[in-house]
Amino acid sequence: MSLVRLLYVSHLAKGIGPNELAGILMVSRKKNKDIGVSGALCYSAKGFLQCLEGPAPAVNELYRRIARDDRHVDVTLLDYADIQTRDFGDWSMAYVREDEIDKSVLKKIRGAESFDPFDLASGEAMDLLKALVKERKEFLTRQQAESER
Ligand code: FAD
């Protein structure tokens, strides 16, 4: 079955902050695994940036569900494309928070220490998401290695 990648941004709904993220992530990771969807979610104070990748029917149905979720607003599609391989195949939903990101990494990629998901073109958004997930994975690996020493 052919694979697609969908990329969107949204603004946080009023009253939604880091505390609501654990619930979103827990449900996402379980459900995405069941339907063969992988991806990454970036949370910043300015909004969400999310990539979903997987079989077209599963990604399409999931996007409809997510777009209806009242924990965010202004859901805006940045890109929808056929893909040969997944960028986040290891993750049912990789997750990065802007306030946990090494600022030097952001500065290197964006030229600034913070970013607004709505300022990004689709290529920039995808490059940023991949770089942030890679940085986060390396950080967690280092942290685990240190705790095992
Ligand atoms: P729903 O009827 O939508 O809800 C089931 C459970 O979800 C509820 O019991 C509750 O725990 C929680 N929930 C739903 N809405 C609210 C709310 N307004 N306030 C508090 N809790 C609520 N889902 C995925 O499966 N995969 C994803 O990758 C994914 N990414 C998301 C990204 C963002 C930015 C947001 C805001 C949501 C995302 N979701 C994702 C959640 C998705 O919108 C659905 O809530 C979820 O998939 C469950 O759908 P459902 O129709 O089975 O049940």
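## Salt bridges and packing

At 29% relative accessibility, Arg110 counts as partly exposed; buried means under 20% relative accessible area, exposed over 50%, and partly exposed in between (1.4 Å probe, protein chains only). The model is predicted: local features need pLDDT of at least 70 and side-chain atom pairs pLDDT 80 or more, while totals for chains, interfaces and linings use all residues. Residues are numbered from 1 along each chain as its sequence is written, and side-chain values use heavy atoms, without hydrogens and water.

The whole structure holds 12 salt bridges (a side-chain nitrogen of Lys or Arg within 4 Å of a carboxyl oxygen of Asp or Glu). The table gives three of these pairs.

| Pair | N to O distance |
|---|---|
| Asp79 and Arg5 | 3.3 Å |
| Arg71 and Asp69 | 2.7 Å |
| Arg110 and Glu124 | 3.5 Å |

Arg110 is in helix H3 and Glu124 in helix H4, 14 residues apart. Helices (H or I, at least four residues) and strands (E, at least two) are DSSP runs, numbered from the N terminus. Shared partners join Arg5, Asp79, Asp87 and Lys130 into one salt-bridge network. Arg5 is buried at 16%, whereas Asp79 is partly exposed at 22%.

In H4, the buried residues include Met126, Leu129 and Val133.
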